[in-house]
Amino acid sequence: MVAKRYYCPVEVTVDLIGGKWKPVILAHLKEGVHRYGELRRRMPATSEKMLIQQLRELESDGFVRRTVYETVPPQVEYELTEEGWSLVPVLTALYEWGEKRGARSGITIEAP
């Protein structure tokens with residue numbers, strides 16, 4: 001397997017957490033541990049398939065830890081790993097910029 005080549009550090013970041021949903025998932029998890037259903041309610045515009053796929057990729061890349069509890073029905077929780085927590089300053093900057101841009105542009109940001 002040939003190692004992927006990057007020409008700018010931003011490429012690495014975007015490659016790992018780019019797209020529409022990964023940063024949103026990480027932003028919710030920086031608030032604390034969430035069960036799958038909680039994440040689903042906080043992200044009503046994403047499909048179940050997409051959410052599961054994105055969570056699996058974040059877990060595979062070492063940003064998210066998935067814990068399954070042997071209950072009926074099974075309880076699954078997601079939380080940031082140490083590597084995931086290292087993204088908090090980036091996520092906070094994106095959040096704050098989005099808030100300010102929304103206010104400047106009259107964009108309504110609805111709570112789920």
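This is a predicted model: local features need pLDDT of at least 70, side-chain atom pairs count only at pLDDT 80 or more; totals for chains, interfaces and linings use all residues.

Trainee: How many helices and strands does the chain have?

Mentor: Elements are DSSP runs numbered from the N terminus: helices are H or I with at least four residues, strands are E with at least two. By that rule the chain has six helices and three strands, and their order from the N terminus is α-α-β-α-α-β-β-α-α. The C-alpha atoms fill a box of roughly 45 × 45 × 25 Å along the principal axes.

Trainee: What share of the residues count as buried?

Mentor: Buried means under 20% relative accessible area, exposed over 50%, and partly exposed in between, with a 1.4 Å probe and protein chains only. Of the 112 residues of the chain, 27% count as buried. A contact means heavy atoms within 4.5 Å. Among contacts between residues at least 6 apart in sequence, 45% join residues at least 24 apart.

Trainee: What is the order of the strands in the sheet?

Mentor: Strands of a sheet pair through backbone hydrogen bonds, either parallel or antiparallel. Here two strands are said to pair if DSSP finds at least two bridges between them. The three strands form an open sheet in the order β1-β3-β2, with antiparallel pairing. β1 and β2 (64-69) are the edge strands, each pairing on one side only.

Trainee: Which residues are bridge partners in β3?

Mentor: Two bridges join β1 and β3 in the antiparallel sense, and arginine 35 has glutamate 77 in β3 as its bridge partner. Between β2 and β3, also antiparallel, there are six bridges. Tyrosine 69 is partnered by glutamine 75 in β3, and valine 64 stands opposite leucine 80 in β3. β2 and β3 form a hairpin with five residues between them.

Trainee: Now the helices. Which residues of α4 are buried?

Mentor: An α-helix has 3.6 residues a turn, so residues three or four places apart point the same way. In α4 the buried residues are Leu51, Gln54, Leu55 and Leu58. Seen down the axis of α4, they fall within an arc of 100 degrees (taken from the directions from the helix axis to the C-beta atoms), so they line one face of the helix. Lys49, Arg56 and Ser60 are exposed on the other side. The cover over the buried residues of α4 includes α2, α3, β2 and β3. Just after α4, glycine 62 has a positive phi of about 85 degrees.

Trainee: Which members of the largest nonpolar core touch the most others?

Mentor: In soluble globular proteins, nonpolar side chains tend to be buried together. A nonpolar core is a set of buried Ala, Val, Leu, Ile, Met, Phe, Trp, Tyr and Cys residues joined through side-chain atoms within 4.5 Å. The largest one has 19 residues, of which Leu26 and Tyr78 touch the most other members. α2 (22-29), α3 (36-42), α4 (48-60), β3 (75-80) and α6 (88-105) each supply at least two residues of this core. Not counting residues up to four places away in sequence, leucine 26 touches Ile17, Leu58, Phe63, Val64, Leu80, Leu87 and Leu91.

Trainee: Last, is histidine 34 buried or exposed?

Mentor: Histidine 34 counts as buried, at 6% relative accessibility. Histidine 34 lies in strand β1 (residues 34-35). Its side chain makes a polar contact with the side chain of glutamate 38 (3.5 Å). A polar contact is a pair of N or O atoms within 3.5 Å; within protein, one must be able to donate a hydrogen and the other to accept it, and residues adjacent in sequence count only if both atoms are side-chain atoms. Leaving aside neighbours within four places in sequence, histidine 34 is in contact with His28, Leu29, Leu39, Arg42, Val76, Glu77 and Tyr78.

Technical notes
Residues are numbered from 1 along each chain as its sequence is written. Side-chain values use heavy atoms; hydrogens and water are left out.
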